[in-house]
Amino acid sequence: MQLNKQQLQGLPTPAYVYDTALLAATLDAIKAAVRDDANYHVHYAIKANDHPAILKQIAAAGLGADCVSGGEISAAIEAGFPAQKIGFAGVGKADWEIELAIKAGIGFFNVESREELEVISQIATALQTEARVCLRINPDVSANTHAHITTGREEDKFGIARQHMVEVIRLAQQLPYLSFVGLHFHIGSQLLDMTDYEALCARVNELQDLLEAEGITVPNINVGGGLGIDYADPDLHPIADFQNYIDTFRSHLRLRDGQQLHFEPGRAVVAQMGILLTRVLFVKHTETKDFVILDAGMTDLIRPALYGALHKIENISAEGSEVKTYDIVGPICESSDIFARDYQLPITKRGDLIAIRSAGAYGQTMASTYNHRSLPKTFLV
Ligand SMILES: *Cc1c(COP(=O)(O)O)cnc(C)c1O
């Protein structure tokens, strides 16, 4: 996003600032990448950013929603996503969430176990309403990303093992008030190497051949999300390469006649439109290091502490060109409350305004009130 010093100066901190023009341009890029493929469907993964105005803008652009809780389903409907464009994923769905989803008439459940399938059937039977289910299959493809955000290996908790796929599909076809409508996959997050997606395509092709031999038809294939963004240089790549991403599936996935293909990007839709705006409380000099202590901490943006993620950090107030090396930290009583070690900033002083970039995804949605802090505020520009 473009940083406008005047505009940001007056805002209270810490705060998330979202650039709705960049979001609009990103949504246009997604539409351009899909082209006129009427059988391609993009569902935005709400957990990345669930701000009501952002959800409204994404719903108005015609995307569907990928939800992982009852609360997200309610927020999606509130924002104007049509129920039939909503998918509900997650390893642990509570009964009330399943009931809410069936009553709302969502498009499909992404079911992660045999046990869950049975419970959805029971609840659908009680409501006398059919539930459409896709099965999330663990493709056993490992992606080149952080261990905490890879999800498609055999040892991960997600999905149904390949070797049980056929019997669980048969179960879904037999259980009352269920209709089996497709397969779902999701191999991880912050993926920039398209060979990971090529490996997923190869595995899906293999599974489809197997199902064809079994006489099982699969109306929908959902390849999940995970497209990464450029955290190091957000100004160079303000919009993720959706064209290359979607073309990878276009050229490597063998879809059957009439088959619908679903994507679920989260981060790539919203990360670059957001900054975490924060002020310098103190610059603390010690024998070994100089610390920039911010009024934002891991309670506002936990990604650095949780995944070792590195966000670009800019001093918006500094005027000189001389730089210095700092550890940039938050005020929270945890040693992991660090945004960056040995990071070069212009000479920084108390009161300077700092922008932590690429913070539109998994920022505000992961914020907490630890240390009895207030949740960060939000401004749309
Ligand atoms: C989190 C998640 C996504 C979105 O992942 P991103 O890396 O933000 O694109 C998509 N699908 C499922 C099932 C998820 O859990």
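Student: Which residues does Asn315 touch, not counting residues up to four places away in sequence?
Tutor: The model is predicted. Contact here means heavy atoms within 4.5 Å. By that criterion, Asn315 touches Leu345, Pro346, Ile347, Thr348, Asp352, Leu353 and Ile354.

Student: Is Asn315 buried or exposed?
Tutor: Asn315 belongs to strand 13, which spans residues 313-315. Buried means under 20% relative accessible area. Asn315 has a relative accessible area of 10%, so this residue is buried.

Student: With which side chain does the side chain of Asn315 make a polar contact?
Tutor: The side chain of Asn315 reaches a backbone atom, the nitrogen of Ser317, at 2.9 Å. It also makes a polar contact, at 3.1 Å, with the side chain of Thr348.

Student: Of the 103 residues in the largest nonpolar core, which touch the most other members?
Tutor: Helix 8 (residues 194-213) gives the most to this core, with seven residues. The members that touch the most others in this core of 103 residues are Phe109 and Leu183.

Student: How many residues does the second, separate core have?
Tutor: Among the members of this second core are Leu11, Ile275, Leu277 and Leu353. Leu353 is also one of the residues that Asn315 touches. The size of this separate core is eight residues.

Technical notes: Residues are numbered from 1 along each chain as its sequence is written. This is a predicted model: local features need pLDDT of at least 70, side-chain atom pairs count only at pLDDT 80 or more; totals for chains, interfaces and linings use all residues. Side-chain values use heavy atoms; hydrogens and water are left out. Helices (H or I, at least four residues) and strands (E, at least two) are DSSP runs, numbered from the N terminus. Buried means under 20% relative accessible area, exposed over 50%, partly exposed in between (1.4 Å probe, protein chains only). A polar contact is a pair of N or O atoms within 3.5 Å; within protein, one must be able to donate a hydrogen and the other to accept it, and residues adjacent in sequence count only if both atoms are side-chain atoms. A nonpolar core is a set of buried Ala, Val, Leu, Ile, Met, Phe, Trp, Tyr and Cys residues joined through side-chain atoms within 4.5 Å.
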